[in-house]
Amino acid sequence: MTAAADPVKLMKQEVGKAAAALVKSGSIVGLGTGSTTAYTIQFLGDHLKSGELQDIIGIPTSFQSEVLAKQYGVPLATLDAIDHIDIAIDGADEVDPQKNLIKGGGAAHTREKVVDYLAEQFIVVVDSGKLVERLGSTFAVPVEVIPMAITPVTNAIKKLGGKPELRMGIKKAGPVITDQGNFVLDVRFDSIEDPVSLEKTLNNIPGVLENGIFVNCVDLVLIGEVKDGQPLVRQL
Ligand SMILES: O=C(CO)[C@H](O)[C@H](O)COP(=O)(O)O
């Protein structure tokens with residue numbers, strides 16, 4: 001595989017590779033969503049082809065990871081067919097010093113939360129630009145909402161002090177539709193002081209399926225950096 005051109009791609013490729021190297025033969029692996037885990041899936045496929053890795057089963061967290069796994073030859077199963085997940089590898093949009101996350105930039109946070117929380121080991125792969133002192137500093141909290149409830153949920157979130165915005169498609173007219181057929185509200189908060197309680201509060205609004213705050217679930221964060229043009233991986 002040739003090196004990625006720009007520094008962010010280089011960091012993503014390097015952490016994607018480092019995470020793939022942690023997967024052992026015979027493992028059931030949660031396959032995250034996004035441009036960083038796309039590299040992990042690609043490297044897993046390469047390792048299977050070269051024979052350095054054998055008998056892994058991937059559990060996709062989105063249509064994106066399912067398509068990539070098929071493309072790179074990573075065998076797949078659904079949650080009905082397995083009784084545990086050994087390791088999940090997923091990206092994030094923000095990571096705080098306590099390893100809490102905001103996820104859902106790819107609107108996949110609901111399936112990601114199911115798979116990542118089930119895993120015995122949950123590894124997050126990010127470039128260094130994703131590190132923040134406090135969640136919500138750079139990224140809105142994605143909230144998946146069933147379409148018929150979009151107005152009452154929007155109003156309830158405003159009452160909590162959030163500024164919700166319906167996520168719109170880029171190459172699609174109208175709102176983004178998730179893999180479950182729902183809408184996404186991107187909610188800005190002035191300051192998220194207690195992510196544990198905000199995660200629960202948002203999920204308690206009727207009509208909310210899941211939000212993108214992930215707390216107390218991450219075992220290891222692999223952070224990609226570039227120093228003097230060279231990619232490095234450090235751990236949190
Ligand atoms: O949560 C996610 C998708 O719902 C992604 O993991 C997150 O958006 C990070 O993506 P990328 O690796 O492309 O920066």
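User: Let's start with the ligand: how many residues surround it, and which are the closest?

Analyst: In this predicted model, the ligand is surrounded by 17 residues, and the closest are Gly34, Thr36, Gly91, Gly105 and Gly106. Helix 2 and helix 4 (109-118) are the elements that give two or more residues to that shell.

User: And how does the shell divide into nonpolar, polar and charged?

Analyst: The shell around the ligand has 3 nonpolar, 10 polar and 4 charged residues.

User: Where does UniProt place the "active site" feature?

Analyst: The UniProt record, which is an unreviewed entry, places the feature "active site" at Glu112, and in the model Glu112 lies in helix 4.

User: What is Glu112 in contact with, leaving aside its neighbours within four places in sequence?

Analyst: With those neighbours left aside, Glu112 is in contact with Gly32, Thr33, Thr61, Asp90 and Lys103.

User: Staying in helix 4, what about Thr110?

Analyst: Thr110 also has its place in helix 4, and Thr110 is buried, with 23 other C-beta atoms within 10 Å. Leaving aside its neighbours within four places in sequence, Thr110 is in contact with Glu144, Thr178, Gln180, Leu209 and Glu210. Thr110 and Gly212 are 102 residues apart in sequence, while their C-alpha atoms are 7.5 Å apart in space.

User: Changing topic, which residues of helix 3 are buried?

Analyst: In helix 3, residues 63-72, the buried ones are Gln64, Ser65, Leu68 and Ala69. They are on the same side of helix 3 because they cover an arc of only 125° around the axis.

User: What do they pack against, and what is on the face turned away?

Analyst: The buried residues of helix 3 pack against strand 1 (28-31), helix 2 (35-50) and strand 2 (57-60), whereas the face turned away from the buried side carries the exposed residues Val67 and Gln71.

User: What follows helix 3?

Analyst: Gly73 follows helix 3, and the phi of Gly73 is positive, near 80°.

User: Which residues have a positive phi although they are not glycine?

Analyst: Asn216 is one of them, with a positive phi of about 50°, and Asp228 is another, again with a positive phi of about 50°. Asn216 is found in the loop between strand 11 (213-214) and strand 12 (220-227), while Asp228 is found in the loop between strand 12 and strand 13 (230-235).

User: Are those two buried or exposed?

Analyst: Asn216 is exposed, with 11 other C-beta atoms within 10 Å, and Asp228 is exposed as well, with 5 other C-beta atoms within 10 Å.

User: Last one: where is Asn203, and what is it in contact with?

Analyst: Asn203 has its place in helix 6, residues 195-203, and Asn203 counts as partly exposed, with 13 C-beta neighbours inside 10 Å. Apart from its neighbours within four places in sequence, Asn203 is in contact with Val208, Glu210 and Asn211. Asn203 and Val145 are 58 residues apart in sequence and 9.8 Å apart in space, C-alpha to C-alpha.

Conventions:
Residues numbered from 1 in each chain as written. Predicted model: local features only at pLDDT ≥ 70, side-chain atom pairs only at ≥ 80, totals over all residues. Buried ≥ 20, exposed ≤ 12 C-beta atoms within 10 Å, placed from the backbone. Helix = DSSP H or I, 4+ residues; strand = E, 2+ residues; numbered from the N terminus. Arc of directions from axis to C-beta. Contact = placed C-beta atoms within 7 Å. Near = placed C-beta within 6 Å. Nonpolar A, V, L, I, M, F, W, Y, C, P; charged D, E, K, R; others polar. UniProt positions renumbered as here; feature names shortened; annotations may be inferred.
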